[in-house]
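Subject: Structure handover

Hello,

Please find the structure below. My notes on it follow.

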Amino acid sequence: MEENTFRYRGVDFPYLPKSVQLQRERKLARLFSPVSGPVVQDMGFLPAVITGEGELFGPEAGGQLRSIRELFEAPGKGLLQIPGQPALWAYFSGLSVSQRAGPQVIRYRFTFLEDGGGPWS
């Protein structure tokens with residue numbers, strides 16, 4: 001795999017997204033014990049949420065958007081590969097698109113939800 005490739009289910013996105021954010025959270029519970037007082041219990045990691053945005057441009061933009069939409073509409077999870085990060089299994093859970101009149105530029109935003117138990121599993 002090329003180091004600077006954003007790929008889902010083996011399909012490369014046409015251009016690297018302009019931005020990608022990976023949010024990881026640890027679930028903690030605050031409890032109170034009459035014997036020992038306040039206690040914090042570590043419940044483990046929540047699935048990562050990966051969001052970002054990108055642009056498609058030129059005469060190929062419509063076809064490129066169709067390919068991304070097909071990935072989004074396909075059921076189930078797939079392997080998500082982000083440059084500089086370990087690959088992870090994820091669901092393509094959100095896609096929004098905006099287009100302005102004028103030059104052929106289509107902007108899109110995406111959301112993936114990790115399917116796994118531990119960090120970067």
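What percentage of the residues in the protein is buried? Buried residues make up 26% of the 121 residues, where buried means under 20% relative accessible area, exposed over 50%, and partly exposed in between, with a 1.4 Å probe and protein chains only.

Before the rest, the ground rules. This is a predicted model, in which local features need pLDDT of at least 70 and side-chain atom pairs count only at pLDDT 80 or more, while totals for chains, interfaces and linings use all residues. Residues are numbered from 1 along each chain as its sequence is written, and side-chain values use heavy atoms, with hydrogens and water left out.

Overall fold

The protein has 1 helix and 9 strands, in the order β-β-β-β-β-β-α-β-β-β from the N terminus. Helices (H or I, at least four residues) and strands (E, at least two) are DSSP runs, numbered from the N terminus. The radius of gyration is 19 Å, well over the 14 Å that the globule rule gives for 121 residues, so the protein is more spread out than a compact globule. That radius is taken over C-alpha atoms, and the rule is 2.2 Å times the number of residues to the power 0.38. Along its principal axes the C-alpha trace spans about 70 × 30 × 25 Å.

Of the contacts with a separation of 6 or more, 62% are between residues 24 or more positions apart; contact means heavy atoms within 4.5 Å.

Strand E6

Strand E6 covers residues 49–57 and includes phenylalanine 57; isoleucine 50 is also found in E6. Isoleucine 50 counts as buried, at 0% relative accessibility. Not counting residues up to four places away in sequence, isoleucine 50 touches several residues, among them Val20, Leu22, Leu80, Ile82, Leu88 and Phe110.

Phenylalanine 57 is partly exposed, at 41% relative accessible area. Leaving aside neighbours within four places in sequence, phenylalanine 57 is in contact with Tyr15, Gln64, Gln104 and Val105. Its C-alpha atom is 53 Å from that of leucine 31, 26 residues apart along the chain.

Strand E1

Arginine 7 lies in strand E1, residues 7–8, and counts as buried at 18% relative accessibility. The side chain of arginine 7 makes a polar contact with that of aspartate 12 at 2.5 Å. A polar contact is a pair of N or O atoms within 3.5 Å; within protein, one must be able to donate a hydrogen and the other to accept it, and residues adjacent in sequence count only if both atoms are side-chain atoms.

Regards
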